[in-house]
Structure formats: structure tokens, C-alpha cells
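Welcome to this guided tour. Open your viewer, get your selection tool ready, and follow along stop by stop.

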Amino acid sequence: MIQRTVISLIVCGLAVTAWVATSSGTLSAAQEPVSFRKDIQPILQNSCWKCHGDALQLSKLDLRTFDAALKGGDKGAAIVPGKAEESRLYRRVAGLERPAMPMDGRLSDEQISAIKAWIDQGAHWDAAAEGKAQPVDRAALAALENMEISPEARNYWAFKLPVQATLPNVSASMTNPIDRFLEKTRQEKGLKAAPRADRLTLLRRAYLDLIGLPPTPPETAEFLSDNSPGAWDRVIDKLLASPHYGERWGRHWLDVARYADSDGFEHDYDRQNAWMYRDYVVRSFNDDKPYNIFIREQIAGDELDSKNIDTMIATGFLRAGPRVHFREKDTPERRFDYLDDVLATIGRGVLGLTIQCARCHNHKFDPIPQKDYYALQAAIFGYVETTYPLVPKEDADAYTKKIADIDAEVKPLREQIAKIESPYREKLKAEALKKFPENVQRAVLKPENERTAGEALLATQIIEGGLNVNGRALERALSAEDAAQRKALTDRIAGLEKGRPKPLPEADIVTDGDYRFTPLGDGDEVIGCVKCRIQEGEGTYLHSGPGRYQVPPSYFLVRGDPNSKGSLMKPGFITVATYGNPPTEIPPADGHTSGRRRALAEWLASRENPLTPRVIVNRIWHHHFGRGIVPTLDNFGKMGDPPTHPELLDWLAVEFMNRGWSLKQLHKLIMTSEAYQMASSYADEGNLEKDPQNQYLWRYRPQRLDAEVVRDSVLVASGAINLAVGGKPVRPALPETLVKSTIYNVWKNQDDGPDVWRRSLYVYRKRGMAFPMFEVFDMPDPNFSAGRRTISTVPTQALTLINNEFVLRQAQMFADRVKKEAGDDPVKQINLAYRIALARLPDETELALATDLLGTHSLLDLTHVLFNLSEFLYMR
């Protein structure tokens, strides 16, 4: 490994040396007079002003004017006219000082040479061009920013407020409004409704639908023995009151929220606290939290008048998407990608609109101007991702003081160790340098102010990558006296570290702040979200100061380019879906945040928003019936499918709001309809000819179980399922070959047993490596908001159920359970196995086949076959 590294560095050194040799003509040419307007200003404009200009002045450095550049920022003057080697601007872009600039990529060699020559020539600055970007056509910009919305666009069904139509008068026997709307359409289409399904089918349907678990034999027997009126209603009430209801329906929302337990991207680090947001969602569904409050808490839980730990955790919705971890390089441009991720999720998940399509231009199909996109961006622009201590303020303050005290004692000890190690490190570096070619050694040993740009790059690469001192080599090099002194110091540090308190429990949240370069000392800077310490009722913020919090400026971006700023934006909403003049800011009394997200949350969750209630009602309908009234759950726009029953959708949306935005009441209204209780096996030739896709719901649609429900059903059948609710994720064992394929943060296998036989909701979700069984059964990609899961039928699903080690072990446990409970009687064994797996007894044919199977094979083969039945995998 060391040899390969040395070889690669030698190759790099030779390449850079060759560049130095071949570019001598370029360097000579750079001594010709350099034009500020032609050669230098474009570099500053495209690579420097975005962080050191009008919108941001990171490190207090402004490079828009000559005087400001001479004055410099926190690190001193940026330019010393006539002395490029002493000018921080040149040294940073040439990589002579860390961190090299710009942060989002290196300048070309020609650009670096031009800057050096320009400074050496006196840094002549054209005052007429100071701080000015390329000329902007204001008329064209105004036209771009002000798209007119036509009356026809405003008249589109999704943008009009829903109104409850009069219930159709179709049949006196139909008491549920849902059935009356559906029957009206069926009659218009010449369709006949299917009869009601049998009681066992309905029971299994309700259990799998509401809690994602099949009914047990005792639960089945209890329902069958209840022949009194209201038995069906009581089953629904029982399931809605179950703590497992929130696990099942919370999972649907987590798909929308793009929830996962890791960051994504290359390193895909753990998110230690992500599970808290997942548990918040489960609690909210179990508590039947009104949906409008549920939305407010997730968008602006830190700004609500009644904020608490739960509402703070709720803001995890905004940061649930993929992120580059703070330990990796980040850029201001990526910040806009994160904002786009948030807006896309709110758009598709809450509004049913593809508003992210208006990032670079007016929406091509829907009346969503680009200006609306940036008005929404302004509403969330101040958000930062931080943590919230889950302890009283006094405990948090005591913890902070203890950490500071220990750090203060450790610091001088580490400095003494560094002083002891320094001469040995330098000696080892010198010995390591001798292994490189002479031209590389010359570049490294040459004084910094004498290096060419190519030599500076080469020296930086070698110093940072090839001359690192190995810890063991350092220990071997120390003299006995210095080693003893160093050990005494490290022992003292270890003793102090033992007194360091364990980290406080924290939740990952969102609040308002400044997104900026944060100096870390020693010349290092990183881009990332500021770290805020927030306590209930009061707090210390990096952005706090005299007066109220001020949101950083956000702009209309021409073509979505962060470097092409248009007008300064004010917060706003989707114009075509906004009624009246809702406030765009609702500042909290403490002044810690802007109140813009609070205003956005109020608009989203308002009765005057035509989209939000329709979208959630349609989602609930989809999960009950396998297809939404609007089939495109995330797109109510022109490119989405129109509603099959528009009057029903509007009636339900208004009824949902009238009933306090209660999801549980909506469930019961739907499940007590005749439509929900129809048989799925009904095959009327006339219906099939007129409506082969069952768009108008003349029978119940069979639905393949979601990936998690498949695994959970297997665990229920075996009797092994661990039904503990909430907590940190578990990592069931995966094949070693798969585990080793993860470069960073490898999957940490846990032993196969009760600890990992929890519901599948609690299985660790890694963005970069989907859990194989879930991936086979179509779990969606957590990098994107997913309202509807893809349903596939592929050979790997059958192969998984036949060969997967987990399935095979659970089949054996299922067989052991049947043997224990039914004894040795084959008929009793078969009947019990069917009742456990399918909530019914076998028919005569099935009994005969199963009896033959037991005679020629084993009980294990029977239980394994039951896991592979289509009926086991479908809700019918």
C-alpha cells in the first residue's frame, strides 16, 4: 500500500514537473501587462465574489473594491501591490496557504499566473468596474421574474378551493357518502359493484392495512364469535387504537419524508439521532395528531408558540434528505441543492406539485413562476441544521463548563507533547523526502516565496500526502528520555479524559441561523451549518446579537445559477394556490428566528390552501385502495392524471378538515364504506370490458404487501416477532460479502435473534446500501420523496423467499411452533399452519395436497411453502 502511494506521488510529481517545463512560455507571456477588466475581474466575479462579495463576506473579506481588498479581512490584507508572494489572494489560489481557494475547485494554471503577474505589476484596478457583475438587461430580468398567471390557469381544478357537493341520490340503502359518490359514477359507466368479501378476508385486510400485521388465530376467533351489530366497527376502532397503527402508517409518511439512518453520498455516515424523528412520526399517528398541526410542527416546530421537545424533533423533516457530512468538503452551491431538496419534498409531499421544476425557469406545464420558487426559498432560506440538547438548561450549562475545563487542562499538555515530537517528526519527514525524485525534493525544500505555481502545487501535494509521519514510526524514533516524558504527559491526559462527561442526548433539528464559513483556527475553514445551542425560552446563537434575528439575503437566481443573482427576494407562496393575503412572516416573541417558516407552515396547513387537504386525503385513499382518486399522488398538475371522482375527492377534503384534520376518522369513514368491503375476486365480464383497470372501483384491488409487511408477516407466523415500539435502529445480519462491499461506515452485523427480530420499521436504513430483502420487494430510494411505491414481480422475490437464510430459519421456527401447539396430528398441524399464515382453514384440495406433502416431506416444507404462496404476499 505504501509502495503504491509513493509511486502515485512520483507520477504526480513528474506530471507537475512536466507542466512547469512546458508552461514556461505561458509564464513569460504573463509578464505582459495584465488587464483588470479583461483578465482579473472575470476570475473575481465567477470564483470569489459569491463568498466575498455582496451576499456574503466570509472572514470579513470583501473583494469587490481595491480599497476593501487592501484592507483585507480577519486574516489581513488580501493584496500587497507589487508583491504577489506576500499577497494572501495569490497564496490561497496557488495553494501556498491553506485552505486553498476557491473552495469549490482550483483555478486554472493560466488564471493563477495571471493573478500573480497582475499583483506583481502593481495590482492596477479599474475603479469603473469595481464590484460590478456583467451588465444585466433589467427589462429582460423583470420579464423573467414576473410571469403573468392567466385566469384559465387559476381555474384549474387543483387550484380552486374544494367544495362539498350535494350527496348523490342513488340508493336509499347506502348510508356512507363515499358509496353514494362511487355508485353514481358506476351507474354512469354501466358498472356493477362486487359483493361484500367474506369476514375472514375482511379481517385479514383490515389488520394488514391498518397495523401491517396479520391477525393471530385468537384474534380471528374473537372476531368470528362476535355476530352482534357493529363488530366490524369495533375491529377498526381496536386497530386504530393499537400502538402498531402508528408504525404502519408512519412508514407511509417516512417514504414521503425521505427518511434514512445515514447521510448518503460517498461516505454515507451514520445519523445517530435520526430515529428520534421516526419515533416522532409514529407517536403523531398513534395520537391522531391533527394533520394541520403535524405539518406545522415539521416545517416550523422551533417557531411555534407551544414549542417543546417533540416539535423541535419534528423539524427533522426538513433535514431528513441526503447530505454531505460536515467532515467532508461542502460548498455554497451545495447549500442551494439542499434547499431544493427541501422545497421538492414540501412540493411533492404536501402540495402535490413539482415546484422544483421552477428552479431554473418558469414551470413548463404548471402556472408556477420561477419567482414563486425563489419566494418559497426565501421562506426557508435562514434554516440551519443543528442539535438540541434533551436535558434541562442547567444540566447543559454544567456539561459545557465541564468540557471547557477539561479542554483547558489538556491543551498545554498536548502542546508539550507536540514540542517533544517536533524534531523527530522533521527528521522522519526529511528521510521520507529522500525517497522522492530530486525535482520533487527541490520543490519541497525551496522557500515558499521562490516556488513557481507548479512547484507550489507539487510541494503541497507531497507535504500533505507523502510526508505524513506514522505514529508507530514516531514512537520507535523517540529517545528513551523523551519517550518517558511523552508517556507521562499522555497518561496525565488520559486521566483527565476519564473525567470527561458522556455526550448529552441531543436531537437533530432545524432552526434559523447563518450558513457561512466558520473559522476553526490554524488557518483552516470549513463550510457548513453553524452549530447553535438552543434552550427552551432562551439560547445562545452564533448569529445572535443586539436586536432581532435577520435572515441572510436570498435572491432570484437567473437560470438557477447561484452566481447570477437577480432581485432580492421576499418570502412568499405558490401564487396560483394562494387566497387572500396570508402573512409571510410571523416572528416569535423571543426574536430568535424570522417567523418565515412559521408563516409557510400556516399557509400549508390552512383551510384556504386548496392543495394540502386534497393531497393527504388522496394519499390515504391510495393506501387503502391501491390507487389514488388522483393516481399521480405527487403531481396534481397538468402532467399528472386527473381525478377519477373529483366530487368525491373534494367532499372528502372538506369533510377531513371539518372533522379536525383527523386521519383516524378518515380511516374509519373509508373502511366502513361498502367500497372498502367489496370482494377482490369478483370478475364480471361486462365490467372487465368497460373498465379493465378498475378505475371506477367496482371491486376491491388486491395489493402486494410492502417489503416491511412481508418480513413482519414471516416473523408473526414464526412467533418470533419482537413488538417493542420505538428506539434505535437494529442491523440484522447480512452476508459478509455484502458487508465488506461498504467502504465507509460498514454495516455492523448483529446476531440473529430477538434483538433484531423487531418490526421492519426499525431496521437500519442505509442510503448507500439497501437492505436486500427490502430492495427485492420494492422499498423506495430514501434519497427522494416517494409517495407511491413501485410494485414489481421479479424472479428474485421468489428466490429470496426460497433461499434466504432468514426466511429458512423462520420457516423452521414456524414448523416448531405448529408442532408444539398442534401435536403430531397432521390435519391439526395443517389447519393451524393455514390459520396462522392466511387467517383461514384450508379447503379440501389444499388439505389433500398438504397432507401428501407432510407424508413425503416434512412440516418444515409445508411452512416454507406457505411463505411462498401468493395469498401470503397479498392483501385481498
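Begin by selecting two helices, H10 and H13: Leu-208, Asp-209 and Leu-210 in H10 meet His-244, Tyr-245, Arg-248 and Trp-249 in H13. Helices here are DSSP runs of H or I with at least four residues, strands are E runs of at least two, and both are numbered from the N terminus. Contact means heavy atoms within 4.5 Å. The residues of this contact divide into four nonpolar, one polar and two charged. In that count, Ala, Val, Leu, Ile, Met, Phe, Trp, Tyr, Cys and Pro are nonpolar, Asp, Glu, Lys and Arg are charged, and the others, Gly among them, are polar.

Before you move on, a word about what is on your screen. This is a predicted model, in which local features need pLDDT of at least 70 and side-chain atom pairs count only at pLDDT 80 or more, while totals for chains, interfaces and linings use all residues. Residues are numbered from 1 along each chain as its sequence is written, and side-chain values use heavy atoms, with hydrogens and water left out.

Now look at how the two helices lie. H10 (residues 199-210) packs against H13 at an angle of about 70°, with the axes 8 Å apart. Axes are lines fitted to C-alpha atoms, for helices over the stretch in contact, and angles run from 0 to 180 degrees between N-to-C directions. H10 and H13 are therefore roughly perpendicular to each other. Angles of 65 to 115 degrees count as roughly perpendicular, under 35 as roughly parallel, over 145 as roughly antiparallel and the rest as oblique.

Next, go to Phe-265, in the loop between helix H13 (243-256) and helix H14 (274-286). What is the phi of Phe-265 near? Phi there is near 60°, a positive value in a residue other than glycine. Most residues other than glycine have a negative phi. Asp-288 counts as partly exposed, at 22% relative accessibility. Buried means under 20% relative accessible area, exposed over 50%, and partly exposed in between, using a 1.4 Å probe and protein chains only.

Select Asn-635 next, in the loop between helix H25 (612-625) and helix H26 (646-658). Is Asn-635 buried or exposed? At 16% relative accessibility, Asn-635 counts as buried. Leaving aside neighbours within four places in sequence, the contacts of Asn-635 include Gly-352, Thr-354 and Asp-366.

For the next stop, show Trp-253, Ile-574, Leu-600, Trp-621 and Leu-652, the residues with the most contacts inside the largest nonpolar core, which has 175 residues. A nonpolar core is a set of buried Ala, Val, Leu, Ile, Met, Phe, Trp, Tyr and Cys residues joined through side-chain atoms within 4.5 Å. Apart from it lies another core of 29 residues, among them Val-34 and Trp-125.

Finally, find helix H33 (residues 805-822) and helix H36 (residues 859-867), whose axes come within 8 Å and cross at roughly 120°. H33 and H36 are therefore oblique to each other.

Zoom out to finish: the protein has 37 helices and 10 strands, and buried residues make up 54% of its 876 residues.
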